Structures are given as structure tokens and as C-alpha cells.
Amino acid sequence: MKKSKTVYADLHTHSTASDGMLTPEQLVEKACSIGLGVIGITDHDSIDGVKAGVAAGARLGVRVVPGIELSCGWEGRDSSVHVLGLFVNPESPALAELLDTQKKSRYTRAHRILDLLGQQGFDMAELAQSFADSPDKVLGRPHLARYLESKGYVKDFQEAFDKYLLRGRPAYVPKDHVEPEKGIEIIHAAGGIAVLAHPGLIPDWDRVWSKIQNMPWDGIETYYSEHSNSDVRRFRAVVESHNWVSTGGSDYHGDYGKHVDRLGQAGLSQEQFGELLEKCAARGVSFF
Ligand SMILES: [Zn+2]
Ligand SMILES: [Zn+2]
């Protein structure tokens with residue numbers, strides 16, 4: 001979508017609470033400086049940035065919508081469906097429990113992979129120690145690949161994946177999946193609306209859609225920085241036929257690569273945001 005002066009609410013952004021480059025405060029300051037009225041903070045599998053964002057918004061006169069982007073999927077499709085939760089209660093026990101389970105399962109998986117690499121004869125002690133020293137860090141496969149490369153166990157990053165880390169290789173451990181239904185259920189339990197994020201980025205749309213279309217979605221992220229005009233038309237029609245809501249956002253992560261200047265490039269106009277609030281209220285959403 002081309003930059004539009006009418007964007008008032010950008011309801012999809014990431015802060016340092018996940019993989020964004022700006023702290024929640026900096027994100028809200030930037031939103032304020034470019035004249036946005038509303039910003040949704042929707043970090044991947046984390047609600048940690050919301051509180052600071054809401055406080056900054058109150059100070060600067062920007063409305064901050066508390067949100068989250070849950071990575072959902074099923075066997076063989078690790079995170080093919082991103083479920084956006086908007087207007088969620090950041091204090092929701094159901095949400096906290098899910099995020100805690102996800103954290104523990106990422107931790108267990110990483111350590112299982114470390115063990116399997118140890119069984120291949122590699123000395124993983126140094127990496128294991130650095131992560132034991134900072135338990136909040138997420139030990140992902142890229143860290144493991146870089147470590148194997150730095151130790152000279154593989155010739156490069158790619159070889160680490162090809163020989164050890166990919167499915168079917170000796171140190172592969174499948175992820176635990178949060179099914180999209182579960183993601184939607186948790187967002188509802190947290191009082192929010194559950195929206196299918198950036199459907200235009202799903203490559204095998206027909207297959208995925210046939211699996212998810214009957215789930216209790218509230219809406220679709222129709223307006224998105226990488227959606228073409230025809231995507232927007234297509235998803236608007238889906239929203240209308242289901243009596244859902246359309247949301248919109250840029251998926252801003254910070255000023256690098258393709259994300260430069262993306263904040264506020266997609267979203268809802270003031271009028272559309274007003275309609276969204278009305279429809280949410282009709283769905284029983286209370287606004288935090
Ligand atoms: Zn996403
Ligand atoms: Zn995102």
C-alpha cells in the first residue's frame with residue numbers, strides 16, 4: 001500500500017519487547033512525531049512492552065492499543081498463521097499462562113538441541129553457560145548455528161542447519177505448536193479481538209484458509225503495508241461476507257531494511273478506527 005496521509009491508527013508494530021528496534025517509549029514518541037493518533041503495540045508472543053507504551057501514550061496524547069501477535073501453526077507449518085490480539089487486557093491470567101508455557105517450551109527445546117549437539121561430539125558448554133547466565137534470553141537455532149561456526153565445527157552458518165539443525169537431521173527437535181484456535185481462545189479470554197494478521201503474506205492461502213476459515217475470528221488485517229490494492233479488495237470482501245472487522249497496520253520493526261519509514265504507512269483512517277471501536281464494543285470488548 002502506498003503511503004497515505006489518512007492513516008490515523010497503525011495497529012501493528014513491534015518494540016524491543018520482541019524483535020523491534022525501538023523501546024515502547026521510543027515507538028510511541030515516533031508515532032506522535034509523525035502525527036498518528038493511535039498505535040497498536042503487538043509484539044511477537046510478548047505483552048511486556050504494553051505497559052510502558054500505554055504510559056508514554058498517556059503522556060504524549062497518543063492512544064496506545066494493547067496488543068500481541070501470537071505465532072500459531074500446526075505440525076509441519078511452524079508459524080504459518082499469525083494471530084493478532086487487539087484491545088487485550090495485559091494483566092490477563094490466561095494470556096500470562098500461555099506466554100509462560102511458550103517460554104518454558106522454547107527453553108526446553110533449546111536445551112534438548114544442546115544435548116543432541118553434545119552427543120555429536122561438540123563441546124557446547126560455553127554457549128550453555130552464556131544462556132544459563134541470562135535466563136530471559138531466548139536461545140534460538142541461529143545462535144546455535146553461529147556458535148558451531150565460531151568453533152569451527154561447521155564451515156558456515158548454512159552447513160550447521162543442513163547437517164544438524166533441520167528437520168530429519170540429528171539435532172532437530174520439533175516445536176510445540178499453538179494451534180490458531182487456541183490463540184484465538186486465549187485472546188478472547190483476555191478480552192480482545194482476534195484478527196488474522198497479514199493474510200496476503202500466506203503463500204498457500206487456499207490450503208491455509210480452508211483450515212482456518214471456520215474458526216471464531218473477529219476480523220482480518222485487511223490494510224497492511226505489503227498488501228496490494230487487490231489484496232485489500234479481496235480481504236475486505238471476506239470481512240464483509242463474515243460480518244467481521246477490518247484492522248490495519250504497518251508491522252513496523254524499526255528503521256532498517258524494508259522496514260524503514262514504514263510506521264504509519266498502513267492502518268485505519270480516523271473514521272475507520274471509530275467504526276472499529278463501535279464494532280468491538282458491540283462484540284463486548286472493553287477497552288483497557
Ligand atoms: Zn506477523
Ligand atoms: Zn508483526
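Helix α5 (residues 141-150) packs against helix α6 (residues 157-165) at an angle of about 110°, and their axes lie 8 Å apart; axes here are lines fitted to C-alpha atoms, for helices over the stretch in contact, and angles run from 0 to 180 degrees between N-to-C directions. The helices α5 and α6 are therefore roughly perpendicular to each other, a term that covers angles of 65 to 115 degrees. On the α5 side R141, L144, A145, R146, L148 and E149 meet F157, A160, F161 and L165 of α6, where contact requires C-beta atoms, placed from the backbone, to lie within 7 Å. Helices (H or I, at least four residues) and strands (E, at least two) are DSSP runs, numbered from the N terminus.

## Basis of the model

This is a predicted model, in which local features need pLDDT of at least 70 and side-chain atom pairs count only at pLDDT 80 or more, while totals for chains, interfaces and linings use all residues. Residues are numbered from 1 along each chain as its sequence is written, and chains are lettered from A and ligands numbered from 1 in the order in which they are written.

The protein is divided into domain 1 (9-90 + 176-282) and domain 2 (100-165), with bounds that come from an automatic or database domain assignment. The centres of the two domains, taken over C-alpha atoms, are separated by 31 Å.

## L86 in strand β4

L86 is found in strand β4 (residues 77-86) and is buried, with 27 other C-beta atoms within 10 Å; buried residues have 20 or more such atoms, exposed ones 12 or fewer, and partly exposed ones a number in between. Leaving aside neighbours within four places in sequence, L86 is in contact with residues including L11, V65, I193 and T247.

## Two residues with positive phi

Most residues other than glycine have a negative phi. H198, in the loop between β5 (193-196) and α8 (205-212), has a positive phi of about 25° although it is not a glycine, and H198 is buried, with 22 other C-beta atoms within 10 Å. N243, in the loop between α9 and β7 (245-249), has a positive phi of about 60°, but N243 is exposed, with 9 other C-beta atoms within 10 Å.

How values were computed. Parallel < 35°, antiparallel > 145°, perpendicular 65-115°, else oblique. Contact = placed C-beta atoms within 7 Å.
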